[in-house]
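Please open the structure in your viewer and keep the selection tool at hand.

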Amino acid sequence: MITIQNLSKAFGGQVLLRDASLRVGPRDRMAIVGPNGSGKTTLFRMIAGEEHPDEGAIQRSKSSVIGYLEQDVSIHPGRALLEETLAVAEQVTTLEHRLKALEEDLAETQEGEEHDRLLAEYGNLQHQFEALGGYSLEAQARAILCGLGFRTADFERPVEELSGGWRMRLAIARLLLQAPDVLLLDEPTNHLDLESVIWLEEFLKGYPGAVLLISHDRQFMNNLVARVAEIAEQRLIPYTGNYDAYLEARRTAQEQREAAARNQARQIAQTERFIERFRYQATKARQVQSRIKQLDRIERITLPTGRKQVRFKFPAPERSGREVLVLRDVHKAYGAVPVYAGLDLTLLRGDKVALVGPNGAGKSTLLKILAGVLPFERGDRRMGANARTAYYGQHQLEDLHPEHTVLQEIQRVAPDAPQPFLRRILGTFLFTDEEVDKRVAVLSGGERSRLALAKLLVRPANCLLLDEPTNHLDIPSRNVLEEALRQFAGTLVLITHDRHLIRAIANKILEIRSGVATPFAGDYDYYLYKKGGQESGREKDARGLRLEGTGRSVNLKPPTSNINPPRKTREEKRSEGEARNRFHQETRQIKTRLATVEADLEEAHRRIEALNQQLADPGIYQEKARFFPLLEEHETLGKRLAALTEEWERLAQQYEEKERAFQLSAQASPTKSKTPV
């Protein structure tokens with residue numbers, strides 16, 4: 001469908017691509033990866049025909065239609081949301097208008113030749129309209145808009161009222177409705193919430209055309225793509241598999257290259273020693289000249305230079321009291337639209353909570369209330385002893401002053417801090433030397449995100465409230481942020497559409513839906529497990545079982561009813577505590593063994609996949625010395641996999657039975673009428 005041959009492209013003195021080649025098939029799901037500035041977006045623009053290569057060619061099927069989602073979105077003011085979405089299907093829209101006009105003409109025309117002619121034309125147009133999917137087009141548009149987070153009430157809303165993030169969702173909807181043969185998606189998940197990301201992922205899995213993707217969302221790529229093309233050293237290097245498979249293959253290739261470079265360096269050193277030792281001996285002159293020519297012919301193996309990466313960690317915060325933030329009977333509404341009515345919530349020291357739920361449910365509203373930046377109509381917000389919050393809002397980048405320099409912007413939050421201290425912080429976020437004097441207006445999205453994060457580090461806080469902190473960050477920067485949050489010793493509340501980050505950080509999930517906050521005392525996979533899962537297969541089940549019963553009490557509290565529950569007696573509390581301790585003791589060994597078996601299963605699967613790739617090579621069957629050991633290892637691993645799987649199922653069943661018994665005993669308790677904690 002698309003063939004890239006010997007492509008070269010440069011901007012000024014910077015060469016992005018040189019002799020790059022790649023082929024894209026009609027049903028490919030491919031991610032284009034590489035560091036910021038490597039040319040990913042430029043490649044998309046060349047495929048879309050908006051840029052031209054300096055050398056080489058991009059061949060496209062003559063009949064194929066290419067749809068390109070750019071990061072900059074334009075709209076047509078004056079149109080409603082649904083109308084703007086449907087406008088991409090111009091042919092269908094034109095036919096629909098013509099059909100309506102014919103219907104009016106037919107109603108006003110008496111029977112006769114003119115009526116028959118209009119009726120025949122109406123029949124032909126109706127057939128074309130149906131063939132183009134005209135009757136289902138509006139239903140498809142509505143389904144796509146809802147999947148991307150729009151509400152039915154938004155369909156008649158003027159598009160000029162939409163913010164930048166919602167305009168990007170509109171652009172995605174228009175592109176999906178257009179259904180081109182090739183989708184070029186540049187960071188499509190940046191402005192989506194978690195549920196919209198999952199919807200888009202499922203939609204693209206069943207998409208009938210090819211999908212090329214630029215993304216910094218690891219989970220999105222892992223679940224969607226089957227090929228990865230890396231822009232490295234000005235070339236396009238293809239890999240088979242998802243993003244994790246690409247990382248493993250690249251690591252292996254890098255290790256092999258480093259080993260080859262070391263071997264080559266040893267050979268060169270030996271040759272140079274020989275030349276130096278016998279250079280002036282007449283009897284060795286011919287051999288010396290031969291060695292010199294040999295050195296000249298060697299193509300030196302060069303290793304790629306290391307990329308500059310963000311390096312930071314959150315300062316060790318002052319220890320807070322056990323209760324960090326408490327909300328009691330909070331009521332919040334926007335005009336006549338209620339968001340929360342009687343919300344109770346307690347955050348404890350060490351909680352790392354991810355807020356999940358559909359768009360518009362109130363996640364960002366709750367985070368702002370916790371941060372104290374949004375007032376509410378009724379209720380109480382109380383900070384615990386020594387608690388100090390730091391808030392990173394979803395629109396934090398828009399709050400940066402465009403005329404300030406990078407250094408001036410960070411001085412806004414710490415006007416009394418010494419410059420060397422601020423420069424050190426900026427340096428960890430790759431703002432070094434003269435870069436601190438760059439104006440905010442000229443910074444890229446990724447640079448602005450790094451600057452906004454840097455501002456959080458100036459004044460240490462023991463409660464971080466983060467709304468989509470990974471937007472515009474590349475994967476290496478996301479990995480550093482992930483590690484910093486994992487090591488953070490304080491309390492964290494997080495909103496993100498990055499499932500990889502949620503899995504790595506959160507020890508609790510708070511689902512926000514219809515004004516109700518429902519806690520889940522485990523990580524994201526445990527949440528999916530309890531909800532019936534939005535992932536399938538062994539991964540969901542295994543990960544879900546891993547997290548129950550961490551030995552810590554559940555500290556998040558859901559909203560309570562207006563009915564005051566009966567107070568527990570000391571004996572009831574003691575009895576519940578003993579039952580909980582028994583459950584943890586009885587399941588500790590099972591959980592430990594489950595984790596070991598899961599790790600062994602993962603390693604066995606990885607090794608057997610590697611063996612499958614080797615045995616798929618026809619040449620291996622000619623090398624009996626290699627073939628038979630590989631075959632024997634493959635058979636042994638197959639038996640081990642079967643045994644591990646059987647053990648995992650047995651342990652999982654044991655755990656579920658004990659969990660079920662524990663829950664039944666809790667339900668039988670006379671205090672079950674109390675709101676669960």
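Begin with the open sheet of three strands, which has the order 2-1-4 and antiparallel pairing. Here strands (E, at least two residues) and helices (H or I, at least four residues) are DSSP runs numbered from the N terminus, and two strands pair if DSSP finds at least two bridges between them. This is a predicted model, in which local features need pLDDT of at least 70, side-chain atom pairs count only at pLDDT 80 or more, and totals for chains, interfaces and linings use all residues. Residues are numbered from 1 along each chain as its sequence is written, and side-chain values use heavy atoms, with hydrogens and water left out.

Select strand 2 (14-24) and strand 4 (55-60): these are the edge strands, and each pairs on one side only. The twist from one strand to the next averages 20 degrees. Strand 1 (residues 2-11) runs antiparallel to strand 4, and five bridges join them. Within this pair, Ser 8 stands opposite Glu 55 of strand 4.

Next, select helix 1, which lies across strand 1, strand 2 and strand 4 and runs at about 125 degrees to strand 1. Angles run from 0 to 180 degrees between N-to-C directions, and axes are lines fitted to C-alpha atoms, for helices over the stretch in contact.

Which order do the strands of the six-stranded open sheet have? The order is 5-6-7-3-8-9, with mixed pairing. Its edges are strand 5 (66-69) and strand 9 (235-240), each of which pairs on one side only. Strand 8 (residues 227-232) and strand 9 run antiparallel and are joined by six bridges. Select Arg 227 to find its bridge partner in strand 9, Thr 240. Helix 1 (residues 40-47) packs on this sheet as well, touching strands including strand 3 (29-33) and strand 7 (210-214); contact means heavy atoms within 4.5 Å.

**Two helix pairs**

Two packed helices are described by the angle between their axes and the distance between the axes. Select helix 6 (residues 164-178) and helix 7 (residues 194-205), whose axes come within 13 Å and cross at roughly 15 degrees. Helix 6 and helix 7 are therefore roughly parallel to each other, a term for angles under 35 degrees. The contact is made by Arg 169, Ile 172 and Leu 176 of helix 6 and by Ser 196, Trp 199, Leu 200, Phe 203 and Leu 204 of helix 7.

Move on to helix 9 (residues 243-278) and helix 10 (residues 285-297), which pack at an angle of about 145 degrees with their axes 9 Å apart. Residues in this contact include Ile 268 and Phe 278 of helix 9, and Val 288 and Leu 295 of helix 10.

**A hairpin**

Select strand 10 (residues 323-334) and strand 11 (residues 337-348), which run antiparallel and are joined by nine bridges. Val 326 has Thr 346 of strand 11 as its bridge partner. The hairpin has two residues between the strands, and Gly 335 takes a positive phi near 65 degrees. Strand 10 also pairs in the antiparallel sense with strand 13 (residues 378-383), over five bridges; there, Leu 327 is partnered by Arg 381.

**Confidence**

Finally, colour the chain by pLDDT, the predictor's confidence in each residue, from 0 to 100. The chain averages 81, and 85% of the residues score at least 70. Over residues 534-565, pLDDT stays under 50. Where pLDDT is low, the predicted coordinates should not be read in detail.

Terms used:
Parallel < 35°, antiparallel > 145°, perpendicular 65-115°, else oblique.
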